[in-house]
Every structure is written in structure tokens, then in C-alpha cells.
Amino acid sequence: MAIQTRATLDDVARLAGVSAKTVSRVYANRDLVSPETVERVLSAAERLRFRPNTLARNLRRGGSTHTIAFVMGELGNPFYYRVAAGIEQEIAPHGYALVVATTDDTADGEERVADALLAQRVDALLIVPVADDQSHLEGERHLGTPVIAIDRPARNLVADSIVLENHRGAYEATAHLLARGHRRIAYACNPAAVYTQAERLRGYRGAMAAAGIADTARWERLVDDREADAEAIVASLLELDDPPTAILTGNNRMTIGALRALRGRAEPPPALIGFDDFDTADVLGVSVVAYDPVELGRRSARLALERIGAPTSFTQQERLPTWLIERGTGERPPPAPAHSDPSADPDPPQESPHDR
């Protein structure tokens with residue numbers, strides 16, 4: 001099939017028998033043009049399949065493109081497209097269109113994609129920061145383009161942000177396991193060197209320390225390798241001489257890897273709580289630290305719209321709450337201690353964080 005050349009405004013003018021200025025006036029303010037001329041112009045445009053470039057016209061006038069960009073990580077993570085859905089729901093009633101681009105969770109990709117979108121004169125940039133430095137966006141912010149950091153705060157950049165209550169969520173999940181008698185509680189995550197995981201790890205360690213367990217290194221698996229297999233990471237914990245009786249996973253991918261590592265094992269499986277809810281978690285009975293990613297998108301979009309309306313107002317930092325959903329895996333008790341000598345003294349009772 002031959003590709004036709006796209007018709008121009010001059011083509012429409014010739015077919016309609018009017019000037020190019022008249023065609024432009026029809027699309028800009030047709031009340032200034034006679035009804036007969038408007039009909040001739042629109043009829044010619046339809047025959048030629050002409051579509052006016054409203055973006056270019058608006059930019060020439062110094063106006064808005066009515067587009068908001070969302071720079072997210074990789075497409076394979078359902079978290080991102082749920083956030084995008086929330087952004088879309090919030091901005092659409094205000095006449096804005098959403099443009100989505102991915103960084104593939106790489107620092108180089110972040111700057112390249114952000115620069116390309118800003119070159120299109122988007123009205124706001126919503127970004128999930130990956131790189132250690134977002135100062136390259138400071139100049140654009142001074143030009144009036146709102147920059148909103150989602151899920152992780154921006155670094156070296158004054159920007160509005162909205163993040164999860166990562167520390168609190170991990171602390172409460174770990175305390176939940178401790179209250180059921182677990183002492184050997186593991187934490188596994190990949191990637192580890194991002195803000196969200198640093199906060200979740202801090203919450204896990206804080207709850208363990210509050211229960212008198214300061215040394216958690218042997219039960220931690222903190223990986224920064226996108227190619228690493230989540231199932232193998234969790235399996236390495238299960239092969240320890242003193243394997244954990246409970247596991248807290250730092251994200252949904254690690255939780256799925258843990259489920260694969262635990263399947264088919266003859267011994268009672270350790271308790272499991274995953275950070276991030278995911279499809280089928282309720283069917284599988286997996287306890288999770290949950291939050292609303294759609295609401296995360298909505299609230300980030302509201303920050304952008306507010307910043308468009310008041311570009312010089314104070315920056316805002318918001319936190320989105322998390323909550324624990326008990327479905328069964330996180331409520332498993334630790335296995336009863338085995339005693340080779342029935343006459344031996346039993347192990348002392350386990351402490352819960354409420355005993356301290």
C-alpha cells in the first residue's frame with residue numbers, strides 16, 4: 001500500500017478556493033468567517049483528510065500543549081501502569097492527555113527520556129526517580145514546568161513528591177511476625193539500593209531491634225542485580241543451618257520468587273509477608289503490605305495540576321498510607337522446637353514485641 005502525503009493547510013485553501021489565512025481562521029475562530037466559507041473549508045479538509053496541528057499552533061502562541069508526561073520504570077511491573085491509570089483518571093476531566101515513557105529502571109534512560117519529553121513542551125513531568133541525581137531538571141523547573149517525584153523523592157532537585165509509608169509498612173509487618181513467636185525473620189529484596197527498599201529495610205531492622213534482635217545480617221538478602229533470580233535468592237535463605245521461620249519480601253517480584261522457592265517442600269513452610277499486593281495474592285492466600293497505586297497516581301496528578309495553577313507556591317511532600325492484609329501465609333506460627341531428650345528443659349518462651 002502506497003503511503004499518501006499528508007495534506008497541508010495550503011492544500012485545503014486551494015481546494016476550497018480561499019486563502020491560507022482564511023483556513024487558519026476557520027480552525028482558530030470560525031465565528032469570524034461566513035457560514036458558507038466555513039462549510040467549504042471543512043468539506044475540503046474532509047476530502048483531503050486534513051488534520052490541523054493544534055500543538056504547533058498553541059506553541060506558536062505561547063500556549064499549553066495540554067499534555068502531562070509520566071516517566072516510569074519497566075513496563076513489566078504492574079505497579080507502574082496502575083499509577084498511570086490513576087494519573088489518567090485525575091487529569092482527563094481537566095482536558096489533559098497523558099504521555100507515558102519508560103526508563104527501563106536505568107539512570108541513563110531517565111535523563112534521556114525526560115529530556116525528550118520536555119522538548120515536546122509537556123505541561124508537567126511526573127517521574128519515578130531512578131538516578132542518584134535529578135539536578136538536570138532544575139533548569140526546566142525554573143522555566144515553570146512542574147516536576148513531581150513519585151514513589152521516591154528527587155535528589156538535588158526542589159520538587160513536589162509523594163511516597164509510600166515504606167518504613168511504617170515494613171515495621172508493622174515485621175512486628176506482626178514477631179508477635180506470633182517468630183525470631184528468625186528474613187528480609188529479601190532486589191533491587192536494594194533504591195529509596196523504597198532502604199526505608200523498608202530500616203523498618204524491618206527497627207522492629208527486630210525493638211524485639212532485642214540486633215544482628216539480622218545472616219537473614220538478609222539485599223541484591224542489586226536485575227538478572228538475579230528471585231527464587232534462588234529466597235532458596236539460599238532456606239538452605240541455611242538456621243533457616244528463617246518467617247520471611248518478609250521487599251516487593252511483589254520477590255514475593256512471587258519466594259512462593260516458587262517454597263512450593264513442594266516437605267517441611268512446614270516459613271511464614272511469608274510480601275510488600276506490594278499483586279494479582280492472585282488473595283487466591284493464593286498471601287499476606288501482604290498493601291497500598292493503593294491508583295490513588296498514588298491520582299494524588300501525584302493533583303500535585304501537578306496544583307503546581308500548574310500556582311507555580312511559585314511552596315513545594316509539598318506527601319505520604320500514602322500502607323496497611324497489612326492478613327490472608328494466611330503471614331499468620332503461620334514458627335515450628336515447635338524439636339527435643340531429642342524428652343527430660344530436657346524446654347526452650348524459654350519466645351518474646352513478642354509487646355513484651356518489651
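How many nonpolar, polar and charged residues does the lining of the largest pocket have? In this predicted model, that lining comprises 14 nonpolar, eight polar and 14 charged residues. Several helices take part: α5 (78–91), α9 (195–210), α10 (230–238) and α11 (252–262) each supply at least two residues of the lining. Of the contributing elements, α11 gives the most, with six residues.

The structure holds four aromatic pairs. One of them joins F79 and Y291, whose ring centres are 6.2 Å apart and whose planes meet at 75°; because planes over 60 degrees apart count as edge-to-face, this pair belongs to that class. The pair links distant parts of the chain, since F79 lies in helix α5, while Y291 lies in the loop between β10 (287–290) and α13 (293–309), 212 residues apart. Both F79 and Y291 are buried. Together with Y80, these two residues form one aromatic cluster.

The charged end of R200 sits over the ring of F275, at 3.8 Å from its centre. In a second case, R218 lies over the face of W219, and the distance to the ring centre is 3.9 Å.

Is T103 buried or exposed? Its relative accessibility is 1%, and because buried means under 20%, T103 counts as buried. Leaving aside neighbours within four places in sequence, T103 is in contact with V71, M72, G73, G109, E110 and V130.

A search of the whole structure finds one cavity of 30 Å³ or more. About 40 Å³ of space lies in this largest cavity. The residues that line the largest cavity are G169, E172, A173, V289, T322, W323 and L324. Two elements, α8 (166–179) and β12 (323–325), each give two or more residues to this lining. The largest share comes from α8, with three residues. By class, the lining of the largest cavity has four nonpolar, two polar and one charged residues.

Definitions and conventions:
Residues numbered from 1 in each chain as written. Predicted model: local features only at pLDDT ≥ 70, side-chain atom pairs only at ≥ 80, totals over all residues. Heavy atoms only, no water. Buried < 20%, exposed > 50% of the residue type's maximum accessible area, 1.4 Å probe, protein only. Contact = heavy atoms within 4.5 Å. Helix = DSSP H or I, 4+ residues; strand = E, 2+ residues; numbered from the N terminus. Nonpolar A, V, L, I, M, F, W, Y, C, P; charged D, E, K, R; others polar. Phe/Tyr/Trp six-rings, centres within 6.5 Å; stacked < 30°, edge-to-face > 60°. Lys NZ or Arg CZ within 6 Å of the ring centre and 35° of its normal. 1 Å grid on protein atoms, 1.4 Å probe; cavity = no way out; pocket = protein on both sides within 12 Å on 5 of 7 lines; lining within 4 Å. Points joined across faces, edges and corners; volume = space filled by probe spheres on them.
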